[in-house]
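Hi,

Here is the structure I promised to send over.

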Amino acid sequence: MTTAGTGVLGLEAQDLTVMLRGRVVLSGVTLKLDPGEWLSIVGPNGAGKTTLLRAMAGLLAPVAGRIHLEGKPLGAWSSWERGQRVSYLSQTGPFPDELSGLEVVRLGRTPYLGLLGREGPQDRQAIHWALEITDTLSLAQRIISTLSGGERQRILLARALAARPRFLLLDEPTLHLDIHHQGELLQILSHLRKEGMGIASVLHDLNLASRSDTVALLAQGKLRAQGSPGQVIRQDILAEVYGPGIEVLSLPSGPVVLLGD
């Protein structure tokens, strides 16, 4: 297992412990997301993946440990400043069904505008860019309740991107996406990384996670392994966490996970 580096530009969790409803969900987790890096967080159900992502977004307060954003304690940033730097995409969005796709994406500019602010040219440009890069321009005038699960997921991604964040935290971003749009998502993430955006994604698909730069494997609230896909997505490690029935092929392009009979 590798350990997270120490720097001033990333989003870093150090010895993080989080409790929910009186139960320890995360214990002593340390990892770091650097600019331009794609970090995939994987593990069985109940491992604490979503809790970790929410804590790094500032939505859950740890009972021990600390989180730093660009070298500064996360809590020292105002909510507006944090929202300009870190965007979080949850599995579902609590948006009124009568909003249009455009109105949902526009909410991504709230950290710049406030609740009652007026859009300027820079805001409209960011919104259009987010719709364009997620291939949702055609959904802008559609009411959110009329969209399919996959269409809604892409609108929510556009909302997260509208803030033009430095760090993008994605909880199951492939949820409801077909194979075509999963491929488009990979292209989007590749483009964003080249622009210097740090991306952390919670994934159940280990083969998709193998396309990322770094993989963090959680089990029972603890960090079991962290490193490159080849270092983490290994048959011996996965068998300990997921149990038997998993086969891992080591290919030049990266590890491939197969499920046994």
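Let's start with α1: six of its eight residues are buried, so this helix is largely enclosed by the rest of the structure. Buried here means under 20% relative accessible area, with exposed over 50% and partly exposed in between (1.4 Å probe, protein chains only). The buried ones are Lys 49, Thr 51, Leu 52, Leu 53, Ala 55 and Met 56. Helices (H or I, at least four residues) and strands (E, at least two) are DSSP runs, numbered from the N terminus.

Before you read on, this is a predicted model: local features need pLDDT of at least 70, side-chain atom pairs count only at pLDDT 80 or more, and totals for chains, interfaces and linings use all residues. Residues are numbered from 1 along each chain as its sequence is written, and side-chain values use heavy atoms, with hydrogens and water left out.

After α1 comes Gly 58, with a positive phi near 85°. Val 63 sits in the loop between α1 (49-56) and β4 (64-69), and it counts as exposed because its relative accessibility is 52%.

Now the inside. Searching the whole structure turns up one cavity of 30 Å³ or more. A cavity is a set of points on a 1 Å grid over the protein atoms alone where a 1.4 Å probe fits but cannot get out; lining residues have an atom within 4 Å of a point. Among the residues lining the largest cavity are Trp 38, Pro 173 and Thr 174. Helix α7 (residues 179-194) gives the largest share of that lining, three residues.

Cheers

Note on methods
1 Å grid on protein atoms, 1.4 Å probe; cavity = no way out; pocket = protein on both sides within 12 Å on 5 of 7 lines; lining within 4 Å. Points joined across faces, edges and corners; volume = space filled by probe spheres on them.
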